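Me: I have a structure open and would like to learn how to read it. Could we go through its features one at a time?

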Amino acid sequence: TPTPTILVVEDESSIASFVALYLKNAGYQVRTVSSGAEAMSVAATDAPALIVLDLMLPDIDGIEVCKRIRQESDVPILMLTARDEDVDKIIGLEVGADDYLTKPFNPRELVARIRSILRRAAPERRERESETIRHGDLLVDAGRREVRVGESEVQLAPKEFDLLWELLDHRGLVLTRDQLLERVWGYTFTGDTRTVDVHVRQLRRKLGDASPIVTVWGVGYKVAPARESQTDAATT
């Protein structure tokens, strides 16, 4: 198999070269660019396996770059941010980033996260292509990666979809935040579990009353038993 190429988008050259060095040592090919415009053109022409994208770029901010790349491609994107308060913004807006790291970060953790994201992007997703799960008014179709509440479709970011699927697939069980990090994000070490909480918040906001996710205080999350679907109730 060819060596995956990682595109590093970072305007601080010291960080870019430091990250590139670590990634090369870990066995990846690396391409570095320092602006959002370059990032979008390289993403379009070179098809990198993953993009490490800084939030603060000199021309276009990283969130906008991420959104534009997402319109064209499903390439995994890991955002770098200098400020903690940007985290909700990165995960929360319809940006579609797969993960984030807050600066300053440990380069070994960056490599570990990239490995786990690439492992998750592997073909295992296709195994469940024909599966659908119905839960009350909620219908989740794994093949089309579509979620419907009654007749209307709800747009979910990739990780929101995976998280909802994982919880529905384990109905009746409580999953801890660490278990969800491992199953949805592929971490085999304790990561930042706030990622899980922010995604759950987004799912609840988007699904509204149809959201089946219940918080189990101090433990994690589970799916509540399905209420009788409105459509079923109307026909009986």
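Reply: We can start with aromatic rings. Rings of Phe, Tyr and Trp pair if their centres lie within 6.5 Å; planes under 30 degrees apart count as stacked, and planes over 60 as edge-to-face. Keep in mind that this is a predicted model.

Me: How many aromatic pairs does a search of the whole structure find?

Reply: The search of the whole structure gives two aromatic pairs.

Me: What do I need to describe such a pair?

Reply: A pair of aromatic rings is described by the distance of the centres and the angle of the planes. Take F18 and Y22: their ring centres are 5.7 Å apart and their planes are at 70°, so this pair is edge-to-face. Both residues sit in helix 1, and because they are four residues apart, about one helical turn separates them.

Me: Is F18 buried, exposed or partly exposed?

Reply: Buried means under 20% relative accessible area and exposed means over 50%, with partly exposed in between. F18 has a relative accessibility of 36%, so F18 counts as partly exposed. Y22, at 31%, counts as partly exposed too.

Me: And how are the rings of F161 and W165 arranged?

Reply: The centres of the F161 and W165 rings are 6.5 Å apart and the planes are at 15°, so the pair is stacked. F161 and W165 lie four residues apart in helix 6 (residues 158-169), which means about one helical turn between them. F161 has 3% relative accessibility and counts as buried. W165 has 2% and also counts as buried.

Me: How many bridges join strand 3 to strand 4?

Reply: Strand 3 (residues 50-54) and strand 4 (residues 77-81) run parallel and are joined by four bridges. Within this pairing, V52 has L78 in strand 4 as its bridge partner.

Me: Where do I find antiparallel strands?

Reply: Look at strand 6 (residues 132-135) and strand 7 (residues 138-141), which run antiparallel and are joined by four bridges. H135 has L138 in strand 7 as its bridge partner. This hairpin has two residues between the strands, and G136 takes a positive phi near 60° there.

Me: How do strand 7 and strand 8 pair?

Reply: Strand 7 and strand 8 (residues 146-149) pair in the antiparallel sense, over four bridges. D141 stands opposite E146 in strand 8. The hairpin of strand 7 and strand 8 has four residues between the strands, and R145 takes a positive phi near 55°.

Me: Now two helices. At what angle do helix 7 and helix 8 pack?

Reply: Helix 7 (residues 177-185) and helix 8 pack at an angle of about 80°, and their axes are 9 Å apart. Angles of 65 to 115 degrees count as roughly perpendicular, so helix 7 and helix 8 are roughly perpendicular to each other. R177, L180, L181 and W185 in helix 7 meet T195, V196, D197 and H199 in helix 8. The residues of this contact divide into four nonpolar, two polar and two charged.

Me: Where is S211?

Reply: S211 is in the loop between helix 8 (194-207) and strand 11 (213-216). S211 has a relative accessible area of 17% and is therefore buried. Leaving out residues up to four places away in sequence, S211 touches L203 and R204.

Me: What does the secondary structure of the protein chain come to?

Reply: The protein chain has nine helices and twelve strands. Of its 236 residues, 47% are buried. Among contacts with a separation of 6 or more, 58% come from residues 24 or more positions apart.

Terms used: Residues numbered from 1 in each chain as written. Predicted model: local features only at pLDDT ≥ 70, side-chain atom pairs only at ≥ 80, totals over all residues. Heavy atoms only, no water. Pairing = 2+ DSSP bridges. Buried < 20%, exposed > 50% of the residue type's maximum accessible area, 1.4 Å probe, protein only. Contact = heavy atoms within 4.5 Å. Axes fitted to C-alpha atoms, helices over the stretch in contact; angles between N-to-C directions. Parallel < 35°, antiparallel > 145°, perpendicular 65-115°, else oblique. Nonpolar A, V, L, I, M, F, W, Y, C, P; charged D, E, K, R; others polar. Phe/Tyr/Trp six-rings, centres within 6.5 Å; stacked < 30°, edge-to-face > 60°.
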